[in-house]
Amino acid sequence: MSIPAKLTQTLTPGEVNFLAENEMITILPRYSLDKLQLIGTRIPALRPMKREQVPIWLAIILKNQDKCNIVMPQWLTVRQLKAFYDQEVKNSDRFAQLPWHWIEISKALLEKASDDMPDKPHEIRTIIQDLREIRQLKARKGLKELNESYIQLDNLSLLEINELRPFIVKVMDQMRKLSDSVNSGEQ
Amino acid sequence: MEYYDIDDIIADSQRLPVKFQISVPGLGYLEGNPGKQVSKDSRMELPLWLALILAICPIDDSEDSGQNFVELLPPEFLSAKVQNAIKSSPATIDLHSILPHFYNFVVKWCWLFEDAQLVQLCLDMLRERAAEINSRSSNSTARQNLDQINKLDEFEKRIFKLNYDSFKDLKQWLAAQHP
């Protein structure tokens, strides 16, 4: 196919974000909507002030039109994020168990629904930034352990994996070729 | 091997010193003597793809049988001196000046010679340099890195670019407004 080479290597951040927007989130609607059967998902009937789970993309559309309030996920609070950060600092050899799409979801909610946050948005933004930096640093340290056959990325989120993927795949492939060149006779 | 990989093809044409084991009539053009013979024990440089074939094909002839056409001489860039230099400072050595397609060449070389020690050396070097490349390509602008890039093997340049692009994409996306 005639698409740029780099698009064949990995997903773009925009594509990862598209996947993230299918995650469910709780909202408090301010108007009624009958239930909808879509190809991918089912949207439940919305009644004012009755909590419902909907995909993030719908929550953001409704929020933009001021038709709902978004209930922040449990982990997107200063206290919980601080706890994650402490875990990152304490365990230098593994990652804290953040959600699979934490960067994308926190970015979307910070931009679109910061008035629904129980904590101050700029504090959350700071901790998110700190978390991202410490995890990047760890991932980079982990690169020194690369080998030709195996890599373990427990608790890294999709976007973080996605960022490193083209690089790691190429390096590991070259390592595999190198070690195969001496082992091929034994097989 | 990757058939369409241009770096692979270039690595294949890397010249290697060889010594002819027998005299071959009519092959003089290899050393600039068209029409003449190549005499026994003459030394010359042949591209890898030709040297390998001549080095592993046995001669099927009564008098010289069991011998190969050429003997491969250990090339300069795999000498103990170079290997020690790599071992002592894997992250900073100028790999491009040693050989622009070092890794690809080692893969081909070891396919024939099974030099496990050399492969181990390369693996250690690649691991060390990969970490260095990763942090450089994601931390500063391309211009600052020009010096460093010139010391990279062609394969390393490619992963440098890949990582630089990937990191830049993410940074741009994070800075942009949510649609």
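**Entry 1: A:Arg135**

I looked up A:Arg135 and found it in helix α6 (residues 121-142) of chain A. Helices here are DSSP runs of H or I with at least four residues, numbered from the N terminus. The model is predicted, so local features need pLDDT of at least 70 and side-chain atom pairs count only at pLDDT 80 or more, while totals for chains, interfaces and linings use all residues. Residues are numbered from 1 along each chain as its sequence is written, chains are lettered from A in the order in which they are written, and side-chain values use heavy atoms, without hydrogens and water.

Is A:Arg135 buried or exposed? I read a relative accessible area of 0%, so A:Arg135 is buried (under 20%, with a 1.4 Å probe and protein chains only).

Next I checked its polar contacts (N or O atoms within 3.5 Å, one able to donate a hydrogen and the other to accept it). The side chain of A:Arg135 pairs with that of A:Glu88 at 2.7 Å. Its side chain also joins that of A:Glu160, at 2.9 Å.

**Entry 2: α7(A) and α5(B)**

I then turned to helix α7 (residues 158-183) of chain A and helix α5 (residues 102-113) of chain B. Their axes, lines fitted to C-alpha atoms over the stretch in contact, come within 7 Å and cross at roughly 20°. The two helices are therefore roughly parallel (angles under 35 degrees).

Which residues make the contact? I noted A:Leu178 and A:Val182 among those of α7(A), and B:Val107 and B:Trp111 among those of α5(B). Contact means heavy atoms within 4.5 Å.

Definitions and conventions:
Buried < 20%, exposed > 50% of the residue type's maximum accessible area, 1.4 Å probe, protein only. Axes fitted to C-alpha atoms, helices over the stretch in contact; angles between N-to-C directions. Parallel < 35°, antiparallel > 145°, perpendicular 65-115°, else oblique.
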